[in-house]
Amino acid sequence: MWHKTLLGLLFISLAATAHASAPEAAYAYAYGSKAFTRLVEESYRLIPSTGRESFYAWFEGAYARHAKQGLRQSLEARRRAYSRLRPSQKTAYERQSAIWAYRTVKALMPRFSLERGYEFAYAARNGERQCLLQSVLIAGMLQRIGLRAGAVMVWKSLHGQVSNLGHVSTLLRLSNGHDLLVDASEPEPFPEHQGLFTWDAAARDYRFLEPRFATDHEIQAYRLVGNGHEAPVSEIAPLGLRYLQSQFYYYRGERAPNGFIGPSTPQGLAASAGFLQQAVRLEPGNPLAVYVLGLVYRKQGQLEAARQQIRAGYQLYVRYGFIPDGPKAAYTWAGE
């Protein structure tokens, strides 16, 4: 058993150092699609309960009561209207559609929950949401209309507060060549978050970026953190579907009862480790999942595995251009 455990730990550690893969399907999880449905079904599979209303039935029923019309009919009507617009008319309609999706999600899912809001199953049960779920949902709705929307991580808020990839937001690519953040965690739909984590197509890797805003909250370019170079909007893409799947598992690991966020029990830590290992398998380039898995190993007393994992996570942050304080301190503990 110990031999198998060592092999598993070695696999996770080596996988964490692999080069990040391209964000395939960054715009391919439209609401109601097979990809979106897989995210929903995975959530339901992992939440042990019976007799739960399906997410689609709950969300679309709530929308019908709220808007007095069907959600899929509304999405299709918006898709048809968008397809008939002249190029010069599209940006205004894209912004208006983003406001509609933002208001819809906030109205139908009024409760914000860090503990459970990332699960579609709990959204249907309690009307709860969290930044990852709401960002994927808004992006999926906008994709269904025909817009280019995806999700990105936030490492510096609109107020300049720095975190270790502590938030998720929707990123909408406008027809005028600019980007626009859409965030249901904020009182207004289009915040100017100061630091994002996205895909850099030119480097074919993930990057920490600082957006350069124009008027009306639109992003007209990005500064690459670490080297100060500027990247045009066309070179930046949202995170791919596998990264988002990985992030769902990250939150499951972070928030497992009696797991990483204490007070911890051996059973809770084992659950956290299992979810985080799956997060790393899905996307070895997810620095947060790689790093926090090392912290879980440390709490479990698996110190050598913890050191390897923390070092691997630290190297990912270095590669992407920014090292938050937590990984810095953990790397010092792990030894250079």
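Modeller: Helices, of at least four residues, and strands, of at least two, are DSSP runs numbered from the N terminus. Please bear in mind that the model is predicted.

Biologist: How many helices and strands does the protein chain have?

Modeller: A helix is counted here as a run of at least four residues, a strand as one of at least two. On that basis the protein chain has 12 helices and 10 strands.

Biologist: What radius of gyration does the protein chain have, and what would a compact globule have?

Modeller: The C-alpha trace spans about 60 × 55 × 30 Å along its principal axes. For 336 residues, a compact globule would have a radius of gyration near 20 Å. The protein chain agrees with this, because its own value is 20 Å.

Biologist: What percentage of the 336 residues is buried?

Modeller: A residue counts as buried when its relative accessible area is under 20%. Among contacts with a separation of 6 or more, 62% join residues 24 or more positions apart. As for burial, the share of the 336 residues is 55%.

Biologist: Which residues lie closest to the centre of the largest pocket?

Modeller: The largest pocket has a volume of about 320 Å³. Its lining consists of 15 residues, and by class these are 9 nonpolar, no polar and 6 charged. Closest to the centre are Tyr118, Tyr122, Arg255, Ala256 and Pro257.

Biologist: Which element gives the largest share of the lining of the second largest pocket?

Modeller: The second largest pocket holds about 210 Å³ of space and is lined by 14 residues. Nearest its centre lie Leu114, Gly166, Tyr251, Glu254 and Arg255. Two elements give two or more residues to this lining, strand S4 (162–173) and helix H8 (241–254). The largest share, 4 residues, comes from S4.

Biologist: Which element supplies the largest share of the lining of the largest cavity?

Modeller: A search of the whole structure finds 1 cavity of 30 Å³ or more, and about 30 Å³ of space lies in the largest cavity. Its lining is formed by Leu39, Glu42, Gln245, Phe248 and Arg252. The largest share, 3 residues, comes from H8.

Biologist: Is His167 buried or exposed?

Modeller: His167 lies in strand S4. Its relative accessibility is 15%, and the limit for burial is under 20%. His167 therefore counts as buried.

Biologist: Which residue has a side chain joined to that of His167 by a polar contact of 2.7 Å?

Modeller: Leaving aside neighbours within four places in sequence, His167 is in contact with several residues, including Cys131, Val152, Ser185 and His193. The polar contact of 2.7 Å between side chains joins His167 to Asp183.

Biologist: With the side chain of which residue does the side chain of Asp205 make a polar contact?

Modeller: Asp205 is placed in strand S7 (residues 205–213). With a relative accessible area of 7%, Asp205 is buried. Its side chain makes a polar contact, at 2.8 Å, with the side chain of Arg319.

Note on methods: Residues numbered from 1 in each chain as written. Predicted model: local features only at pLDDT ≥ 70, side-chain atom pairs only at ≥ 80, totals over all residues. Heavy atoms only, no water. 1 Å grid on protein atoms, 1.4 Å probe; cavity = no way out; pocket = protein on both sides within 12 Å on 5 of 7 lines; lining within 4 Å. Points joined across faces, edges and corners; volume = space filled by probe spheres on them. Nonpolar A, V, L, I, M, F, W, Y, C, P; charged D, E, K, R; others polar. Buried < 20%, exposed > 50% of the residue type's maximum accessible area, 1.4 Å probe, protein only. Polar contact = N/O pair within 3.5 Å; in protein donor to acceptor, adjacent residues only side chain to side chain. Contact = heavy atoms within 4.5 Å. Rg over C-alpha atoms; globule rule 2.2 N^0.38 Å.
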